[in-house]
Amino acid sequence: MTLKLGRREFDDDAMLMMAIVNRTPDSFFDKGATWAEDKALARVAQVVADGAEIVDIGGIKAAPGVEIDAAEEKARVVDFVAQVRAEHPDLVISVDTWRAEVGRAVCEAGADVLNDAWGGADPELVDAAAEAGAAVICTHTGGATPRTRPFRVEYDDVVASAIADTMAYADRAVAAGVDPRSVVIDPAHDFGKNTFHSLEVTRRIGEMVDTGRPVLVSLSNKDFVGESLDLPVGERLVGTLAATALCAAAGARIYRVHQVVETRQTVDMVNTVLGRRRPARAIRGLQ
Amino acid sequence: MLVPGVLALLPEYAGIADPVAELRAACVAALGSLAGAGSVVLVADAQGERVARSLLGAAGVAADVVPASNAADPASDPAADPEGAAYVVVANGSARRGEKAPGHLDERARGFDEALGRALRQVDAEHLTRLDRELADQLLVGNPDGFVTLGRLLGGGQGAWRAEVDFAADPFGVQYWVMRWTCES
């Protein structure tokens, strides 16, 4: 099925880069590097130049911390979305939020996608997406409360749980009026999951692809990579790309990333090896 | 007509960007002039024949395409081929024209190609039929038999030949020519 993300449509075989742009002073990877608005706008311009089709703008870090209410979240993202829209008319703008109130405001400012990283915590978020003609990312958190860490969470079958929950969420979104072409599912690595869960989801990501819904993966520099390789944030790119390669081979469609260029190269190389993409330019031995 | 047997011209070896776009355009334009020919005789080795058939298809040439009866034996008589046929020779110069060339650098390559190119432009049939085959093999010349046959064809005409050069370059250390000869009698 064609993937429709607000103002843009993408072919079935397109694999898309969703670049993370934090409007936070405290996110784990960039530690506030784009907290200042001019820095955030520069980051958007850079990732667009790097070839990202989507930016994912977030006003609240995922981990526990100072409480950010809806008014503060809106102050961080709504005007910023409007500015990005003005500067990049064709860019797909996603906003990472679980609140319907914030969702409505950002869609009015020009957002195309609501990335609900907390798996439907606010039941009205799908209505906000439907009203605006926006796409929605349906994630699996195992029922976790927003901004909590997993603690002694276990599943009978984490992949079955991810499929059941995200597909149910997707059905709820379609029932609310979201275009069926605009519903994406995401197993949400490390959300409500320990490292073993995230590894299993990665290993079996093809089962999510087999649902027929486009799959988003958010692997970038996460703790499951860090714990797998015993590496701190800042040294997890290679591990991230290895996991990315497996997801690309299995057919995941959207990659939520900090490093656009490296991820694009990884996905392109996988698709080229698998014969889904031609080499950029081949002449060696063929002259 | 002369085109080089460059495998990068085949669709199965296409990348996203075309490294031989200019050469391809020259070949297709030149071969397009054969659209009205009754038949096309190919003077080519097996790879060259694949390249030529693909280019003829791209050029929209619907004529019968047959391999030359003398392709394997340049000493045989080209007159054995269909009357009024257009000939397409698939051959190219040395693949040892530089350090990055497929066959690395051979200092003799440029002189060899220069003399060969001159003979092609000046329709020096004798130079072509007497091509130094041993040296041509050492210089990784593409289908040297083709040049010998071309010499026999150009030497056998009744009138004056006019040579046109559509493309002459060595973008990857291999000498290519796209050329047409028409008999003006």
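This is a predicted model: local features need pLDDT of at least 70, side-chain atom pairs count only at pLDDT 80 or more; totals for chains, interfaces and linings use all residues.
Start with helix 3 of chain A, which covers residues 100-108. Look at which of its residues are hidden. Ala100(A), Val102(A), Gly103(A), Ala105(A), Val106(A) and Cys107(A) are buried in this helix. What covers them? The cover includes helix 2 (70-87), strand 5 (92-96), strand 6 (113-116) and helix 4 of chain A. Two of these elements are helices, and each can be taken in turn.

Two packed helices are described by the angle between their axes and the distance between the axes. Take helix 4 of chain A, residues 125-132, as one partner. The axes of helix 3 and helix 4 of chain A come within 8 Å. They cross at roughly 15 degrees. Angles under 35 degrees count as roughly parallel, so helix 3 of chain A is roughly parallel to helix 4 of chain A. The crossing of this pair is right-handed. Now look at the residues that touch. From helix 3 of chain A come Ala100(A), Gly103(A), Arg104(A) and Cys107(A). They meet Leu125(A), Asp127(A), Ala128(A), Glu131(A) and Ala132(A) of helix 4 of chain A. By type, the residues of this contact are five nonpolar, one polar and three charged.

The spacing in such lists has a simple background. An α-helix has 3.6 residues a turn, so residues three or four places apart point the same way.

Helix 2 of chain A is another partner of helix 3 of chain A. The axes of these two helices come within 9 Å and cross at roughly 20 degrees. Helix 2 and helix 3 of chain A are therefore roughly parallel to each other. Helix 2 of chain A passes helix 3 of chain A in a right-handed crossing. On the side of helix 2 of chain A, the contact uses Ala70(A), Glu73(A), Lys74(A), Val77(A), Val78(A) and Val81(A). On the side of helix 3 of chain A, it uses Glu101(A), Val102(A), Ala105(A) and Val106(A). Seven of the contact residues are nonpolar, none is polar and three are charged.

Just after helix 3 of chain A comes Gly110(A). Gly110(A) takes a positive phi of about 120 degrees.

Move on to helix 9 (residues 237-250) and helix 10 (residues 260-273) of chain A. Their axes come within 9 Å and cross at roughly 40 degrees. This crossing is right-handed. Helix 9 of chain A brings Leu237(A), Leu241(A), Thr244(A), Ala245(A), Ala248(A) and Ala249(A) to the contact. Helix 10 of chain A brings Glu262(A), Thr263(A), Thr266(A), Val267(A), Val270(A) and Asn271(A). The contact holds seven nonpolar, four polar and one charged residue.

Next, the cores. In soluble globular proteins, nonpolar side chains tend to be buried together. The largest nonpolar core in this model has 62 residues. Which of them touch the most other members? They are Ile57(A), Val106(A) and Tyr255(A). Val106(A) is one of the buried residues of helix 3 of chain A. Now follow Ile57(A), leaving aside its neighbours within four places in sequence. Its contacts include Val21(A), Val77(A), Phe80(A), Val81(A) and Val84(A). Ile93(A), Ser94(A), Val95(A) and Asp96(A) are also among them. Another core lies apart from the largest one and has 37 residues. Leu42(B), Val51(B), Leu55(B) and Ala63(B) are among its members.

Leu216(A) sits in strand 9 (residues 216-217) of chain A. Is Leu216(A) buried or exposed? Its relative accessible area is 0%, so Leu216(A) is buried. Not counting residues up to four places away in sequence, Leu216(A) touches residues including Met18(A), Ile137(A), Val184(A), Ile254(A) and Arg256(A). Thr195(A) is 21 residues away along the chain, and its C-alpha atom is separated from that of Leu216(A) by 18 Å.

Finally, visit some loops. Arg147(A) lies between strand 7 (135-139) and helix 5 (158-176) of chain A. Its phi is near 65 degrees, a positive value in a residue other than glycine. Arg147(A) is buried, with a relative accessible area of 11%. In chain B, Val123(B) is in the loop between helix 3 (109-121) and helix 4 (125-129). Val123(B) is not a glycine, yet it has a positive phi of about 50 degrees. Asn194(A) belongs to the loop between strand 8 (183-186) and helix 6 (195-203) of chain A. Asn194(A) is partly exposed, at a relative accessible area of 32%. Asn194(A) and Phe151(A) are 43 residues apart in sequence, and their C-alpha atoms are 8.2 Å apart in space.

Notes:
Residues are numbered from 1 along each chain as its sequence is written. Chains are lettered from A and ligands numbered from 1 in the order in which they are written. Side-chain values use heavy atoms; hydrogens and water are left out. Axes are lines fitted to C-alpha atoms, for helices over the stretch in contact, and angles run from 0 to 180 degrees between N-to-C directions. Helices (H or I, at least four residues) and strands (E, at least two) are DSSP runs, numbered from the N terminus. Angles under 35 degrees count as roughly parallel, over 145 as roughly antiparallel, 65 to 115 as roughly perpendicular and the rest as oblique. A crossing is left-handed if the near helix is turned anticlockwise from the far one by less than a right angle, and right-handed if clockwise. Contact means heavy atoms within 4.5 Å. Ala, Val, Leu, Ile, Met, Phe, Trp, Tyr, Cys and Pro count as nonpolar, Asp, Glu, Lys and Arg as charged, and the others, Gly among them, as polar. A nonpolar core is a set of buried Ala, Val, Leu, Ile, Met, Phe, Trp, Tyr and Cys residues joined through side-chain atoms within 4.5 Å. Buried means under 20% relative accessible area, exposed over 50%, partly exposed in between (1.4 Å probe, protein chains only).
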